[in-house]
Amino acid sequence: MGKRNEKLLVVLVALSAVAFLINHLLWTQFQSVLVPALHPYLALTALLCLALWARLRFARLAEDERRDQTQARDAASPSLFQTDENEIDPVSFIFAQRQYEKWFIPFLAPVLAVIFGYWSYRLFQSGFPLDEATNLLFVASLLIGQAFVFFLFGRYFLGLSRATSDRLLRGPGNIILLTALAIALAGVAAIITELGYALPERILRLVLIGYLAWLSIEWLINTIGYLYRPKRKDEQVVTYESRITALLTDPQSWANNIAQALDYQFGFGVSETGFYRFLQRVLLPLIVVQVLLLYALSTVVVLGPEEEAIKERFGNPLAPDGTPRHLTSGLHFKWPWPFETVRRHPARRILTTHVGFTKDPNNPHPRLIVWTQPHYLEEDQFIVAQRDVNQADLEDDAAVPVNFVTVNVPIEYRVTDLYRYLYRHNDPDGMLQMAAHRVITRELARRDLIELLGDERQEAGRRLFEALQERVRDLELGIDIVFMGLHGAHPPIPVGPAFESVIGSFEERETSILQARAYRNRILPLAQAEGDELIWMARADRARRADRASAEADWFQTRRRLHEDLPGIYTPRLYLDTVQRALAPVRKYIVATSPDLEVLIFNLEEKLRPDLFDFGPGRSEDMFL
Amino acid sequence: MSRNKLLFLGGMLVALLLIMLQVVFIVREGDAVVVTTFGKPVRSLSEAGLYGRGPWPVQRVYRFDQRIQSFEGPFEQVLTSDGKNVLVALYAGWRILEPISFLERVGSTEQAERNLEGLLRNYTSATLGRYSFSNLVNVNPDRIRFDQIETDILTALKSEAEDRFGIAVDFVGIRRIGLPESITERVFDRMRAERTELAERYRSEGESEALRIRAEADSQREQLLARAAADAKRIRAEGEAEAAASYAVFAEHPELALFLRRLDVLESVMTNKTTVVLSSETEPFDLLRGAPVLPE
């Protein structure tokens, strides 16, 4: 039994190496992106089988040696130089086995963790290589064949490991089954990729790399647990085994665990009941029936209200009469894959695309759109001509001045001929975009910027719509343009402020004029009032002068009459009264001598002290002065 | 049916499927397929349907998309006949014409596009070198030559692509026109200058109009005030005339009038600050020299 296991392990190592080489050839020849992710699983299988082969071989040879030593000891007579039973010969297999168990097996798990952790990291770093795989069906058939062989070995090893004596086979058995599962999934993914769906292959690659990383972590955890927990004397070290992998690759153990859990929960042997046994018996047929039902469902096609489809029989969408096998919304039946397939499309829905800008994923629908701030991630600049006032004088080849304009053109379209839409062009939506770009470039190249932003905008939009409609008909895209709008035509962002400044300057002009009008409105009424004031003052002056003159005339007449009535009396009295009033407040020097004979010197700079009489009552004003 | 039989049946089905996948294949509408026997192309298929084949490594199937594929050339700088630098991006619609030639000479769509790019760039430069910039951008649509340029490039490109690569170029279009970055900046500068010129014109118009309004207002004000001042003067003159009419009575006794006026003046000029030196002969200070003898 022991030797047979060793031989099987050697066969497994050789098989893994051959599979590794075959897969490497598949990678170099057919470029399947999944194959490099299978390499570490095959290498792990080979390494574990090799390590276990050495372990079993050392154990078997050590056991033989112990048996021989026991027999020799029993046959030999006692002597002075008899060796101790516990003493071990350093060149014996017993010593080698002990050293192997003590120094190699416990450290196998961390070594594997380092190797395969780094391998998974390198695979992850390599990203997704360009998938240029060819002949994937052949690759898939080889992979599934490999998976089948590994599956047989894995199941055999797990079966043996249920016996206590072969317990050590469980770890490699689980890893062999894990490798078989990985290879089988890779084969299925290759078939799906061949059918045109590359996503499962890419997801599986990530899963395989991630699982390898997880294995590395689990090996490290196992080693730490082994080092720090109490150990039995005869305990075998199996830190390289993976419990998660065991759950994944040995579903029977799941069933046993579930049965045990049910028995424990219900307090009696549920797993012994007839219903449980019936369930266990029909489970696999049920799964098979489910798979067949799922396959049968591929004969039913349900198209939504917005959908239309073309049915292909062995890839041919045309019926014998040459018309496409066109399906509209509703329930339809077809032969199952791969006999008939359906290409569906939301042909009745109005589809939308846009030209001239790239939306910002963080702000796809900006709420504020101004000329001076970028409102999309990227905006295309189109060249527009500039109408020169001297255009008529230019020669034919004379270059006209140009401007740039940014336009946002939304396009709504509908698929009108699904057969042409699906089979005429590889990328009809991309082609529509290019055609729209062409039409816009041509139309704008003959427009003047200011006219385009002004009164010609609507006409330019109409011409764009007609030109694009005509172009998609020429290209036989199978679509009809429903709407094409010339939205957001504006100068490029760098010159936006200059355009805004024109509007600002227009406002400034109006402001200046209005301020001047305000000035006029302020000063003219004031001037009118000032003029009126002058006139009124003049009128007052005229009246004052006239009244004063009249009063003075009356005053004169009265005094004249008094002078005539009182000759020699009135005038002197008047004179003296006046002298009295005039001289009363002033300082007077009366010179008694004749002034002709005296020389009088007055120092008028000397400040005269006022005396009490200087502060008499003031003079009453003459009303006529 | 026992579990083992079921598993065996499932395994057989899977094996049968794998074998079938090696001996038959489907050509879908829009696909072109080339079958090789020990590497030698033996047949090409473009009609959709189910076909048989030998298993690998005897026969291999190469599958290509034969629908019209869009190819977008680079946004490349070229020189027009009048020496203007212009950036032009073209696109082309192409499809596989001869699948076997395509497999032998090109091999993949990516390689075909690389080859096509070289041809497109070559003929774009050559063709645009014969046209002037005004044939690309002009407010006069009669001078624009887009159609001729596209036709010239397509004519040159078509035959060479067929002969060399086994692909048919169905159409070529000018997708975009631009100017190099440095020239674009100059265009922006000019656009800004134009706007500035317009803005300054508006501002200047505003200022001049404002100045005119202010001047007119000032003028009207001055006129108003001048007219008012003249009227005022006239009215004052009338006042003086009226006053003069009243003063006519003074002429009847001018000595008295003058005497009375002198009294007024005397009284009005005497203030607190005035110092008067008088002779004792001055009335009434002559009384200081002695009382006069009054007549009986």
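Where is the place of A:F314 in chain A? The residue sits in the loop between strand 2 and strand 3 of chain A, where strands (E, at least two residues) and helices (H or I, at least four residues) are DSSP runs, numbered from the N terminus. A:F314 has a positive phi of about 50° although it is not a glycine. Most residues other than glycine have a negative phi, and most peptide bonds are trans.

The structure is a predicted model, in which local features need pLDDT of at least 70 and side-chain atom pairs count only at pLDDT 80 or more, while totals for chains, interfaces and linings use all residues. Residues are numbered from 1 along each chain as its sequence is written, chains are lettered from A and ligands numbered from 1 in the order in which they are written, and side-chain values use heavy atoms, with hydrogens and water left out. The predictor assigns the complex an ipTM of 0.77 and a pTM of 0.64. For chain B the mean pLDDT is 88, and 98% of its residues reach 70 or more; pLDDT is the predictor's confidence in each residue, from 0 to 100.

Strand 2 (residues 308–313) of chain A is joined to strand 3 of chain A by two bridges, and A:A309 stands opposite A:L327 in strand 3. The loop between strand 4 (330–333) and strand 5 of chain A holds A:P338, and the peptide bond joining A:W337 and A:P338 is cis, with omega about 5°.

Seven bridges link strand 2 (residues 31–37) of chain B with strand 5 of chain B in the antiparallel sense, and B:T37 has B:Q59 as its bridge partner in strand 5. Elsewhere in chain B, the peptide bond from B:E283 to B:P284 is cis, with omega near 0°; B:P284 is found in the segment after strand 10 (275–279) of chain B.

Helix packing comes next. The axes of helix 4 (residues 136–161) and helix 5 (residues 170–194) of chain A come within 7 Å and cross at roughly 160°; axes are lines fitted to C-alpha atoms, for helices over the stretch in contact, and angles run from 0 to 180 degrees between N-to-C directions. The two helices of chain A are therefore roughly antiparallel to each other (angles under 35 degrees count as roughly parallel, over 145 as roughly antiparallel, 65 to 115 as roughly perpendicular and the rest as oblique). The residues of this contact divide into 19 nonpolar, seven polar and three charged (Ala, Val, Leu, Ile, Met, Phe, Trp, Tyr, Cys and Pro count as nonpolar, Asp, Glu, Lys and Arg as charged, and the others, Gly among them, as polar).

Between the chains, the axes of helix 14 (residues 496–565) of chain A and helix 5 (residues 181–247) of chain B come within 8 Å and cross at roughly 5°. Helix 14 of chain A and helix 5 of chain B are therefore roughly parallel to each other. Their contact has 32 nonpolar, 11 polar and 26 charged residues.

Methods: Two strands pair if DSSP finds at least two bridges between them.
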